[in-house]
Amino acid sequence: LYLNVNQTAKQIWPVKIWAVDGRLTNRSNQGVLWIKPGEYTFQFKLGVVNLADVPGLERNARYGQETHELKMSVEAGKAYYIGAKFAASGKWQPQVWKTSDAKY
């Protein structure tokens with residue numbers, strides 16, 4: 001999983017991994033997380049975001065540092081790029097914005 005790729009031009013912001021299948025991880029500041037193939041529930045927190053850079057965001061939008069879940073099936077030999085996508089209300093959701101063959 002790639003988490004800290006700058007995609008602000010595509011309106012996708014960095015996220016931090018918080019937990020995998022409910023188990024806290026000490027890798028919240030890590031940009032890449034290597035995992036085995038399988039079904040997972042990931043919990044993410046928002047990375048550093050300057051809300052002035054988010055187009056269309058309501059002026060009084062509030063966002064918190066609460067965690068958001070993303071359930072996904074991870075395949076061997078694939079790289080998954082994950083980021084935060086904002087709604088105009090200021091709410092965000094993690095999403096897989098790109099999948100490619102892994103280069104390792």
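Modeller: Please bear in mind that this is a predicted model. Let us begin with glutamine 43, which is placed in strand E3.

Biologist: Is glutamine 43 buried or exposed?

Modeller: Buried means under 20% relative accessible area. Glutamine 43 has 19% relative accessibility, and therefore counts as buried.

Biologist: With which side chain does the side chain of glutamine 43 make a polar contact?

Modeller: The partner is the side chain of glutamate 69, at 3.3 Å. Beyond four places in sequence, glutamine 43 is also in contact with other residues, including Lys16, Ile17, Trp18 and Ala19.

Biologist: Where does threonine 41 lie?

Modeller: Threonine 41 lies in strand E3. Setting aside neighbours within four places in sequence, the contacts of threonine 41 include Val20, Asp21, Glu69 and Leu70.

Biologist: Which residues touch the most other members of the largest nonpolar core?

Modeller: In soluble globular proteins, nonpolar side chains tend to be buried together. Here the largest nonpolar core has 20 residues, and Leu1, Phe42, Phe44, Met72 and Ile82 touch the most other members. Two or more residues of this core come from each of strand E1 (15-20), strand E3 (38-46), strand E4 (68-74) and strand E5 (78-86).

Biologist: What is methionine 72 in contact with, leaving aside its neighbours within four places in sequence?

Modeller: Methionine 72 is in contact with Leu1, Gly38, Glu39, Tyr40, Phe42, Tyr80, Ile82 and Val96.

Definitions and conventions:
Residues numbered from 1 in each chain as written. Predicted model: local features only at pLDDT ≥ 70, side-chain atom pairs only at ≥ 80, totals over all residues. Heavy atoms only, no water. Core = buried A, V, L, I, M, F, W, Y, C linked by side-chain atoms within 4.5 Å. Buried < 20%, exposed > 50% of the residue type's maximum accessible area, 1.4 Å probe, protein only. Helix = DSSP H or I, 4+ residues; strand = E, 2+ residues; numbered from the N terminus. Contact = heavy atoms within 4.5 Å. Polar contact = N/O pair within 3.5 Å; in protein donor to acceptor, adjacent residues only side chain to side chain.
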